[in-house]
Structure formats: C-alpha cells, structure tokens
Amino acid sequence: MKFHKKKENQKSVKEETSPKPEKKERVRKLKEPPTESPSGLPYLTLAEYGFTRENYFFVRSIKSFEKISEHFEQQSVIGIDTQFQKGVIQAVSIASEDKVAVFDLSELRENATIIEYLTKILQSDSIEKIAHSFKLDAYYLSKLLGIDGTTINKVIDLSTNIVEESEESVRKIGLNKLAEKYL
C-alpha cells in the first residue's frame, strides 16, 4: 500500500511539471481608427479629398507597381512622405492631384526596379516634390537608395518654406494644419 501511495505522489508531481496545453490564439479585432491626432487635431482622410480604391495604390509587388509607375513620372508636382522605424524606411508615399501610392519597402527594399524608380523620381528636375520636415526623410532615403542626399532635387519643404513669422512654431502646427491652410 505504501508503494501504491508513493506512485500516486510521483504521478501528481509529474502532472504538475508536464507542459500545459497551448492556448488558442485570440483573433484581435481592429478598433475604429482614431479621428484625431494625439495633439487633438483631426486626421485628414483620403476620402475627404476624393480618393477611392480606384486611385489609391498600395504597392507591394511589381504587378501593383506597374499600374502606377508611369503616372508619377509624368507629374510636374507630387507630394512625398516616408514612414520609418528605428532608422529604417518602411514605406514611401507619393501623391499627385488624382492618385496616391504607398510603397511598402518592408517588402520591396531589395527590389532594384523599385529602388531605381524612387531614385529617378527624387532626382528629377522636372518634378517638384512637396514634403513636410523632409530633412530626416532625405537622409534615410539617400541611405536606402544609395545616393547622395544633395541629389534629391526640387523639394519644397512646408516646414521651412511656408510658415509666416507671426505663426506659432511649425512643429506645433503640423502637416494637417499646414495642408488645410495652404493647400
């Protein structure tokens, strides 16, 4: 009987140390997107400016790139912005009056066709590039593209070119407010 009792104790210890069954992964439900920035300013949406799925492109492959590649090369003015994380560009957004393209560089960073295209757009003398606080963007773009940052031509930086002396700091105003006021 003692032997049987000891075996039960060993069994319970073994059960305690055995791995627990894996939990099922919960599917995260997306919350509604925020309507205003942390500073309290409303976010601008593409729909407010007439952009729909037909003229908004998320470029993650050569196939999606081919749909819009010629469009931006033919523009005289484009808007440009980058999103980066820890010094690495994750996305480049380019916009004209009627189309917006977001290049997913986490997917396309090694694609020579995309890199050459972005280089051509940025170095073009015939395309004015409108940006906001572009100095850091230009630095990271030049690293990504392997070009000298001074070869990025015809950039109108809203943070340095459009603020009037009587206005508060451009950092406090932000791109949303500048776009609303001037564009």
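**Aromatic rings in the model**

Let's start inside: Phe-103 has 0% relative accessibility and counts as buried (buried is under 20% relative accessible area, exposed over 50%, partly exposed in between, with a 1.4 Å probe and protein chains only). This is a predicted model, in which local features need pLDDT of at least 70 and side-chain atom pairs count only at pLDDT 80 or more, while totals for chains, interfaces and linings use all residues. Residues are numbered from 1 along each chain as its sequence is written, and side-chain values use heavy atoms, leaving out hydrogens and water.

Now for the ring pairs. Rings of Phe, Tyr and Trp (its six-membered ring) pair if their centres lie within 6.5 Å; planes under 30 degrees apart are stacked, over 60 edge-to-face, and the rest tilted. That rule gives five aromatic pairs. One of them joins Phe-84 and Tyr-140, a tilted pair at 4.7 Å centre to centre with 50° between the planes. Phe-84 sits in strand β2 (residues 77-85) and Tyr-140 in helix α6 (residues 134-145), so this pair ties together parts 56 residues apart in sequence. (Helices are DSSP runs of H or I, at least four residues, and strands are runs of E, at least two, numbered from the N terminus.) Phe-84 is partly exposed at 32% relative accessible area, whereas Tyr-140 is buried at 16%.

Back to Phe-103: its ring and that of Tyr-117 have centres 6.0 Å apart and planes at 35°, so this pair is tilted. Here strand β4 (residues 100-104) supplies Phe-103 and helix α5 (residues 112-123) supplies Tyr-117, so the pair links parts 14 residues apart in sequence. Tyr-117 is buried, at 5% relative accessibility.
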